[in-house]
Structure formats: structure tokens, C-alpha cells
Amino acid sequence: MSVNSFDAASAVLNRGVNVVEASAGTGKTYAIAMLVLRFVVEFEVAVEELLVVSYTRAATEELRSRIRTRLLEARNILTDGSRSGDDPALLAYLDNLPNKALAIARLEIALLDMDRAAVFTIHGFCQRMLQEQALESGQLFDMELTADVSKIRSELVADYWRRQMYELSDFHCSLFLSHFSDPDSLYETVKGVGAEDCIEPADRISVPESLMSVDTALTELVDWWNEKSDALYDSFSKALDEGKFKKPFAENFEQWWQQCGRFFSGTERRLPPRLEFFGRTPLMDELNGTKLRGAAKKEAFLEDFPLADSIVDSFLESCKNAVLVFRINLALELQGGLRERLLSQGRFSFDDLVVSLAQALDGPRREDLQRVLAGRFQVALIDEFQDTDAAQYRIFSSLFGGSSKHHFLYLIGDPKQAIYKFRGADIAAYFQARRSADYLLGLERNYRSNPLLVAAVNRLFLQKEDAFVSPELSYNRVDAAKSGDCWKLWQDDRVQAAMVYCSLESPEEDGVTPWTSGKIRERLELYVAAEIRKLLHGGSLLTDTGEKRGITAGDIAILVRSNKQAESFQESLARGGIPAIVFSRKTVFETPECRDLQRVAEAVAMPSDVRLLRSAMSSRWFGMNGPELYEQVHDEQIMEGWLERFHDYNRLWQEKGFLAMMNSLFVRESVFETLCALPLAERQISNIQHLVELLQEKESADNLHLFHTLQYLATEMESAETHEHAQLRLESDEQAVKVVTMHAVKGLEYPVVFCPYLWYRPGFLKQEKHCISYHDDQNRRVADLGSAHFQKRRETALSEELAEEARLLYVAVTRASSRCYVFWADVRGSRFDMPSSESALAWVLSLQECRGISKQTEGFRQLCVDDSVELQSVSALIEDEPWHVAAAKPPDLSCRVFSRTSLPGEWLMTSYTALAGSGHLLAGGVPEEKVPVSENESPKIHPLPLGAGLGNVVHGLLEDYSFSMLAGETDYETECQGQCSRFGVMAESDQLMNLLRDVTRTPLQRPDGKKMFALSDLHEKDVLKEMPFYFHLREGSTEGINKLLQFSTVVQPVQEKSLQGYLTGFIDLVCRHRGKYYVMDYKTNYLGPYVSDYGEKQLVAAMYDHNYGLQYWIYTLVLHRYLLTTLSGYEYERDFGGVFYLFARGMRPDCPGNGLFSDRPSLDVLDKLYDCLGAK
């Protein structure tokens, strides 16, 4: 069916289904308001019988306002004859009315009834219909609407996890745990499944049935092992002796073989890694290519190996299928169970509203419900229909689109702007509506952009017949409605190009080397900033309805793909003094300022927790860099001052409330003065004040305690629906460059628009391993969770993704009214980004096969047919151009003067670090002795960076993950990279994993040389990591400690000082093995490049140098007193195993004793130490 031009003011209005395609800028909202006017005047339709539906509250409010304004304008023109400045189309329409008096009467009634007008969001419409027709729809009368269902969904997932996992055998449980560590990780693999998606594979079996297949295959594999393992081991041993396998395989073979033996014998139920090596093809990849060249030789070499082949393949396939069944059953349960759980609690989600009404209209009482609802309305105008889905289309087609054609149904939208698939929108539903429409109409005049820009956009999308990929969506040329001079950009009395294509040169001299996505960011930001400077300060003028005016920052928008890119652009512009605002729907609780506020508030609520205080001190509020923070944290006097002030803030919060406390903190710590030195200071301070006001309001309204206030803050930060707390808009925002994501810019327009990321296409779908969503031949949405056709479905999904990327490109280039900048660069792909040659812009210009920026630029050159389109070549070099921004003279600043006062004794907190920090002053420095080691006597340690950062990384991994996981062969590169990123450490993940495997696998050794257990041998229930403690000190001094421990070779005397209050700290590891308790501490000190540099003498020197000896005496005393108090029948000599200090760099399983310092403190000395330190 061809598209017929549609003019809302003059076209014939037809009953039936009318699909109106409204291209960008063609006046869709104007058309809807005009249609409402015509139905009121011509057909005497009451406003409560005229349904108008849009998709957001903001759009609904705008429609309601525009409709009221249109009706009021028409009434005023008809009553007083005022015609100056009015819409010509409206005047022409009113002039042709045959009975103006009747029209005025109908308009008067409509205006009086506007408060009853049926203008809804889609969810508001469904909710109203379900409530008012509860009997016919089979719904409860009173249902609570829930915006965020994540908590209930998490409950469902946890319930499913418990039902399935708790009844499983150890082996079955370990099978699933090897893929999913917890319910959340399981849900992540199915979260892409929609409520009405078909799920593939379509076969439905239960989890127990799938596990029966696993057991059957395992029995066959165990039988093979019992029969063939000895012969296979001999074959492996001979091959290993001859060097026929690669080094990694050879080094790990014995451990792997022993793991397999324990598993097949039943002593260990955890599935061993790399069982596929018992198959011929995977094992071939481990053969040494220098000894066996070519596939034929490798096959011949393995011919005599008694491998499992099909047996192990069958077992692994059954395991894979069981995991898939586990996931499919969760997805099915969520599809039906989430709605059932909500209904049982008397609640609806937003999606449930639409699905429930659609199902009711298909249900047993559908005829009654359709008759009642359809009878309430004569006309239905559905706005933004391209963002519909199958359920929404079923609702409107069943109510107003029947064959009887009693209703006027207008479905208005632009399929070229369907960009919200991630929100559940389904363009296939739009195409279905268009195929079944009685009339296909189009708005074809652009009222937004100047004619030159309209022509440039036409030219771009007419380059390729299938520019939008889908055969059901083609581009129709749009005409410009504005006059020739309107919204043109001028400079030096000359019209400037309306479309500017910017092509970035190759970053290398060869001209063909592509950019990386990381390096190109800075270049784009600098170039865009330079262009904005030219527009603002270069005399460019904008013609607005015949009057010229200068361009302001508020006339300019930068469109990006992500909030991260937006924030980066904002910071870049702010550094140069160009005002910029990120136009975002993020709430104030999602800002960095909120995270800073949370850290400070937590430290105030628990002022004795030194870790929380250190975290608060690292925020931007206090203006410290890394060295400054380190210096203050390790200065006892300064830390005492911080602790004292935060105790004062705590007391003020409890006595006078959150607002009074924060205002005191702002003044006393000069927070706002510190922030004023940073870019975007006005926005940051505004967000902080807004947050403080919101928390104070909540605290006062609900009479919240400190920790309840913190809980409310954490809840709001996690919540996905807190729209009422959007960021406050500042007056200065109106005159700032708007940085907007492409998905958020739809419906907006700006005179000048920069599109620096149109070459970009995300690559997540190419990496997706768990769930692929696509449309099948019947246009049904399907979620493939791992069928045999998974890769083929990925290709279909990638094609659908490219189609949406093309629509997103269209949205971006149609936002400008005067000038649009489109950027192109030859960018190579990465793990998460596709190369620019696979972007939508490359598709539209057929650049997929063009290699090198010079060839690619030719595709843009063909678009430059006249002066209205310009091609700029952007140098790869970053020009160091001055910003020419006048800076205000900074105020004279001076350092604040602090006076130190003593903390009250009962509140004084000290730590081991503060207690031992002065040891060097008395000990006379570091021992000079260094035991020389020959390079040939010892292997080198792992090549990892020096410094405290690595220590933080190692501690983080040992604390956050199980020792068994760290010791295993399975890679945990992602976890290593996460910790390195967190602490700013550049370390190779492979080397880090090797270090941790050595630490967790090396057997501990007593001073007498007897080997004990390794960390990987410990059961999770016998491990307590980062054990916090508070030890009540008696009033005294450090002199007693020095005298008592002077015999120790690893304890330095500490500077004399008085003691009173509490000693606090964290013990890295307290563990239990065979009934004995142990204290352990991890150290990453660098003592030399060889393993033997970590022998007994070197460790004693290091222990003494850092006074770790005093540390372990204190830790032992703390644990001893705790066990003595809490453990019935505890005896130190029997139950305490000792202390181990693990110097990680020097630990190797094949070098027993290296990197290990151990001791078992004397009970007699411990008792005397308690008499010296412990408060009675």
C-alpha cells in the first residue's frame, strides 16, 4: 500500500484504521491537536469520548496543553475575529466552516469539559480500564501499582534457586555452581527474556530429568576411567617425558590428573576442569607443534592413546544440556510467576497493566469487555505508535479496529524513529498494524529544519534503497516547510553549510591504520570544543524568522551514545570554560555527589570505624590527592583530629538532625570552597544541597534514626524508579551546551547539533553467550537461550540491531534546525565495540568493504553536491589551541589553622599502625644485611608491579573469593581486572593468577619443617576473612610492651606514649583446621627478584623492619581472649595452632618454607601482655 500525503487540517477523516507516518519535524503533535479540533467541531465528539494516548507523562501533559490551546485559539478566532499572528492552516479551516455558531457552541462545551478529556499514557489507560471494568476484565477492584519489581523478581529467583539446589546431590550442585555462583548470576543469563517471548529450545523437561541423563553418561565415563586410566596415564607420561605437549599442559598435568582421579573415584564430587582433554580433538591443540608438525602427525601420535572421545563428549553435552534446562525453567517461571506473585500481593507492574488488559480482551468475557470499552470512545488517536508492542497493538486493534469500522482509529508515529527495543518496544507490531491498515497516510513537510538541511538529510538516506535494512521500511523524501532564509547559519554575511561531514585522518602516517575507540575520544572532544568556540566567538549569527542574533551555548547540543561519553564531554568543555550540562533523566541519587555524600554520612554515623573514615576522606569534598591522603591517614595526630571532628558531627546529627550536622560539616571542613576549585562546581554543590534537603525532609517526616536515614539513602540509590527526585535545573543550564544521549534526544531539537559518535556500534551482541532475542518468520519475539541454532539466531539478531542503529542514526541527524555535524573515523573494533565499518553510517553509505580513511571519505564526498554540504578533514594531531576564556580573578586564599585537642579517653581509638608507627625512631632504622643469591640457585618471582597497590589487589582477591576458586585452573581474569581497576594497578592477569595459585596451593610449614595444610584445603565454614576487633585498653603506656617483648627478634620497641580507650583493627584471616585456630596475614613486600630472597633470614629482617612481630602478638592476644570468652572448654595450648605471615611473592609449592614466617607465641607472655594492655 502506498503512502498518501496527509494534511490534518484539510484531509478527509475516515473511519477504520488509519496509520499516519510522521517523519521527524513534520508536526505530529500539531496534527493530533488539529484532529481533536476537527472531531469536536465536525463530528460533535465529546472530549471524554475522544481517546488520546501517548507513552510518557511529559508527552501526555504536552498533548493535553496543546489540545486545550488549539480549542481555545479556535474559539477565540470564531468569537472575536482576531486573526493577527494566527496559524494560516487554522484560519483557512475555520473560514470554511459552514456553521460557525454551532462550532463555537461545541468548542465551548469541549473547553468546559477539558478536565474530563481522555488523554492518557498507555499504562494510565490500561489501569483506568481495568479498574472501571474490574468484573468484565476479571481483575481485583483495588490494585496497587508498583514501579520497581526488581525486589519481587529477586525473591522469585531465590525461591527457584532454593527449590532446585537444596535437594541436589553434591555433584549435581557443584555442576550448577561451576556456572552460577549465586541466584543473581543465574538470573543474568536469562534477564533478556521478555514476558511474552517464545523461549527456545522448545523442548520442556524438568531439571531432575536432565540430571538423570548426566548420571547415565557419568556412569559410562567412570567405567571407561576404571578400565583405561592406567594405560592412558602411561601414554601421557611417556609423551610428557618426550616433550610432546605444550608447557602449560605439562606443568599442570599431575594436578589435573589427580583431580580427575579423585572425581572418578567418588572422593571429590566437584567436576574437574578440562575434561574435554579426554577427547582426541581438544587434546590435539595441546600438542607441541615444534615436535609434531601438522594435523596428520598429531592424529597419528594420539592414535594409540585410549581416550574417551564420544563417551566424554556425551557426558559434557549432558552437563551442558542440564545447565540449559536449569536456565530455561527459571525463564519460564519468571514469565508466569512474576505476575502471579504480584497479583497475590494485590499489586501490578506497569507491564502487567498492558498484558492484563490484552489478555482480558482475548479471554472468556472478551465480548462484554470489548463492547463496554469500545462504546466509551468514538475516536482513538495513538501517539508515538512506533514504540508499541504486540500486546498494545492487540488492545487498540480489538477495541477500535474491527471490520465494522464504527470507530476512527489513528495510529500516529514514525517507524524510522523506533529506537526503544531495550524498553520492550517492538517495531514488528508497527509493521503488522501497517499491513492491516485501511489507510496509510504520511506527514511529509518538515517544519523544524532549514531547507538546506532537509535536502542534506534526504540525500543521505536516499543513497541506499534499503537504508533502514528492513524491507518493510523505506525512506520517503520530505519537503521543507520553512522559507529559504529561516534558520540558516550565517558568518561574514555568507550562508554557512547546513550539513558538515567531519572525517578524521588516520592516527598514523601510513594513512590506513585505524583508530582505537579509546584514543579517538580525546581527539573528538578537542575538535568539537574548537568548533563550538568558533561558533560562540567567531561572529556566527543565526537567522530566526528574519532577525539575526548571535549563537549562544544554549543553541548547541552534542549527541552521544552513553552517559559516560556525555560526562566526559561535559568535563572536557568545562575545563575550557564552555558551560555544558548533561541532559539526563538520571535522578540526583544517581550522581557522583550522592556517592560522596553516602561515604561521608556513613563515616559520621559510625565515627569509630577508621575504614569508613578513610573512605570518606578520599572523596572530592576534602580535596586531597593520593599522596596527601596517604600522609594524613598515616599521621596519628592528624587522624585523631579527624576522629574527634567526626564524633562531634555524630553527636550533632543525633541532637539536631541531619541538616544541622551537614551544614556544620560543610563550614568546618570548607567543603564548598574545595569544590569551587573543580570543574562543574555549581552543579556539584547544587546536587549536594538538593540531596541534603531530601534526606532532611525524609528524616523529619518519618522520624528516622541515623541508620534508618542511611538505609533510605541506599534504597533510593539502588531504586530504578525515583523520577520525583530528578536533578534540579539551574538557571545557567539554559545557556549551556546540552550533552544528550541519542536515545534521550528524541522529540527535542536544537539549532546546532554535533554527532561525534555516529561511527560507533556496540559489540555486546557479538559477545552474548546466554540469550539472543530476535523475530522468527511469524514475527514473534523469540528468546534463544542456547539452541543448536544459537549462532544463526545471532546473525538474525545482528541484522535487527543494525536496523535499529540505522533508525538511531536518523533520529540523531534530524535534531538540528540549522546545522548538523556528522563525524566519521576508521575505528577498529574491540571486545565490546564493533569496527566503524559495521556501523549504521557505514551501511547507509556502503562503506563496509572500504579499507582506509581515504577510500571511506569518498563516500562522504559524493554527498557534497553544493555549498550547503561541507566535508572537513580533521587532523589526527591534537592542536594545542588557547581557549580564550576570560577567567575571574580567584579570591585570596589562606590555610586554615587547626588546634589539636585531646579526645576523651573513653572515645580514643588507636590501631596497630598508629601504635607501631614510631618504631623506627627507637630501633635505629632498617637492618642493612642482605643475603646474596646467585641467579642460578633459585627461580625468579612472578613479574608483578611494586607498591602498596598490588597489596590491595591481592588482599581484595583473597578476601572476596574462595581459596578453592583462586587455586583452581579456571581463569578468573575478570575478577583480577576488576580489582586492578579498583586500585589503579597495571598488572598482567595471568601473572596475578599464578601468584594467587601459588599462595593458595603452597602447604604451610611449621618452624620445625613439618608440612601442614594449604589455604585451598580450608573449608569455607572454617574461614573468617578480615575479622574486625575492638580491644578495650587499660590506662597505661607503651613502656610495658617494650619491656615484655624485648626478647623477640621481630619486634621493635615503640615510642613511649600513654594508652587508654580502644585498640581497633582487622585480622586478614582467622581459620580453623582439624580443631586448631590460626592467625594469618598476607604480605606483598618486595624482598628481591628470586624466590630464595624470601628465606628465613630475609623474612625475619622484614618482620623486624615493619614491626610485624608486634602486630602478630596483638592479633594473637585478641583472638585468644575472644576464644577464651566465647568457646566453651577452650585451651590455648591445645586449640591454638599458631601464626603465619604469608609473603606472597616468595611462595612456591615446589620451594617449601619460602615466603612463610610462622610462630606460636608463649601463653605465659600472652597472659602478661594482657595484664599490661587489657582493661579489666
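Two strands count as paired if DSSP finds at least two bridges between them. The views below are taken from a predicted model.

View 1

View 1. Strand 15 (residues 499–504) and strand 24 (residues 816–824) run parallel and are joined by five bridges. Within this pair, Tyr501 stands opposite Val822 of strand 24.

**View 2. Helix 29 and the helices it packs against.** Helix 29 covers residues 706–718, 13 residues in total. From first C-alpha to last it reaches 19 Å, close to the 18 Å expected at 1.5 Å a residue. Its buried residues are Leu706, Thr709, Leu710, Tyr712, Leu713 and Glu716. Seen down the axis of helix 29, these buried residues fall within an arc of 160°, so they line one face of the helix. Gln711 and Glu718, on the other side of helix 29, are exposed. The buried residues pack against helix 22 (592–605), helix 25 (636–656) and helix 28 (681–702).

**View 3. The buried face of helix 23.** In helix 23 (residues 610–617), the buried residues are Val610, Leu612, Leu613, Ala616 and Met617. They line one face of the helix, because their directions seen down the axis of helix 23 fall within an arc of 160°. The cover over these buried residues includes helix 22, helix 24 (626–633), helix 25 and strand 28 (1058–1073).

**View 4. Backbone at Glu200 and Pro201.** Most residues other than glycine have a negative phi, and most peptide bonds are trans. The bond that joins Glu200 and Pro201 is cis, with omega about 0°. Pro201 is found in the loop between strand 6 (198–200) and helix 10 (207–241).

**View 5. Positive phi at Val469.** Val469 is not a glycine, yet its phi is positive, at about 70°. The residue sits in the loop between helix 19 (451–461) and strand 12 (479–480). Val469 has a relative accessible area of 16% and is therefore buried, the cut-off for buried being under 20%.

**View 6. Positive phi at Ser846.** Ser846 is another residue other than glycine with a positive phi, here near 55°. Its place is the loop between helix 32 (840–844) and helix 33 (853–861). With 39% relative accessibility, Ser846 counts as partly exposed.

**View 7. Domain 1 and domain 2.** The domain assignment gives domain 1 as 4–143 + 349–443 and domain 2 as 148–345. Taken over C-alpha atoms, the centres of domain 1 and domain 2 are separated by 54 Å. At the contact between them, 10 residues of domain 1 meet five residues of domain 2. The assignment also includes domain 3 (479–583 + 735–763 + 798–874), domain 4 (588–726) and domain 5 (908–925 + 937–944 + 988–1173).

How values were computed. Residues are numbered from 1 along each chain as its sequence is written. This is a predicted model: local features need pLDDT of at least 70, side-chain atom pairs count only at pLDDT 80 or more; totals for chains, interfaces and linings use all residues. Side-chain values use heavy atoms; hydrogens and water are left out. Helices (H or I, at least four residues) and strands (E, at least two) are DSSP runs, numbered from the N terminus. The expected span of a helix is 1.5 Å times one less than its number of residues. Buried means under 20% relative accessible area, exposed over 50%, partly exposed in between (1.4 Å probe, protein chains only). The arc is that of the directions from the helix axis to the C-beta atoms. Contact means heavy atoms within 4.5 Å. Domain bounds come from an automatic or database domain assignment.
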